[in-house]
Amino acid sequence: MLNSTMIRKMFENMDELPAKLTELGLVPAEGDYKCPTCAISLKLHKDSSRGDGFRWVCTGRISKNKQVKKCATRVEFRKHTFFEGTVTVFLSQRFFIRRR
């Protein structure tokens, strides 16, 4: 059961957030999420332009017009999770998740 103390601790170190959410079964682990373009496992990367600080990125290669190119598909961290379609607002030590 998730309680407010656990949630507060989750946000003390944002770098550990994906691992903690994976542990709780709220987001997929690396290797479990496949690229919608090339079906290679997506890797989780930090992305400071995103509100949650992360994004899934494909490092696979695809053939297009007889040329091999980087797939480079990017998928939102929240896609296909409990958090999809939510906006997270951080206010001091508290956070709120609301539906758009």
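Reader: Which residue in E4 is the bridge partner of Arg61?

Author: The model is a predicted one. In it, strand E3 (residues 61-64) and strand E4 (residues 67-70) pair in the antiparallel sense, over four bridges. Within this pairing, the E4 partner of Arg61 is Lys70.

Reader: Which residue in the turn of the hairpin formed by E3 and E4 has a positive phi, and of about how many degrees?

Author: Two residues lie between E3 and E4 in this hairpin. The turn residue with a positive phi is Asn65, at about 55 degrees.

Reader: What is the phi of Lys66, and is Lys66 buried or exposed?

Author: Lys66 is found in the loop between E3 and E4. Most residues other than glycine have a negative phi. Lys66 is not a glycine, yet its phi is positive, at about 65 degrees. Because its relative accessibility is 88%, Lys66 counts as exposed.

Reader: Where is Ala72 found, and what is its relative accessible area?

Author: Ala72 is a residue other than glycine with a positive phi, near 55 degrees. Its place is the loop between E4 and E5. Ala72 is partly exposed, with a relative accessible area of 39%.

Reader: How many helices and strands does the protein chain have, and in what order do they run?

Author: The secondary structure comes to two helices and seven strands. Read from the N terminus on, the order of the elements is α-α-β-β-β-β-β-β-β.

Reader: Which residue in E5 stands opposite Arg55?

Author: E2 pairs with E1 in the antiparallel sense over four bridges, and in that pairing Lys46 stands opposite Phe54. E2 is also joined to strand E5 (residues 74-76) by three bridges, and these two strands run antiparallel. On the E5 side, the residue opposite Arg55 is Glu76.

Reader: Which way do the residues of E2 point, and are they buried or exposed?

Author: Phe54 and Trp56 point one way from E2. Arg55 and Val57 point the other way. As for their accessibility, all four are buried.

Reader: What kind of aromatic pair do Tyr33 and Trp56 form?

Author: The structure holds three aromatic pairs. For the pair of Tyr33 and Trp56, the centres are 5.5 Å apart and the planes are at 80 degrees. Planes over 60 degrees apart count as edge-to-face, so the pair of Tyr33 and Trp56 is edge-to-face.

Reader: How many residues apart are Tyr33 and Trp56, and which parts of the chain does the pair link?

Author: Both Tyr33 and Trp56 are buried. Tyr33 is in the loop between helix H2 (17-23) and strand E1 (43-46), whereas Trp56 is in strand E2 (residues 54-57). The pair thus links distant parts of the chain, 23 residues apart.

Reader: Which residues form one aromatic cluster with Tyr33?

Author: Trp56, the edge-to-face partner of Tyr33, belongs to this cluster. The residues that form one aromatic cluster with Tyr33 are Phe54, Trp56 and Phe77.

Reader: How far apart in space are Gly51 and Phe77?

Author: Gly51 has its place in the loop between E1 and E2, and it is exposed, with a relative accessible area of 66%. In sequence, Gly51 and Phe77 are 26 residues apart. In space, their C-alpha to C-alpha distance is 9.9 Å.

Notes: Residues are numbered from 1 along each chain as its sequence is written. This is a predicted model: local features need pLDDT of at least 70, side-chain atom pairs count only at pLDDT 80 or more; totals for chains, interfaces and linings use all residues. Side-chain values use heavy atoms; hydrogens and water are left out. Rings of Phe, Tyr and Trp (its six-membered ring) pair if their centres lie within 6.5 Å; planes under 30 degrees apart count as stacked, over 60 as edge-to-face and the rest as tilted. Buried means under 20% relative accessible area, exposed over 50%, partly exposed in between (1.4 Å probe, protein chains only). Two strands pair if DSSP finds at least two bridges between them.
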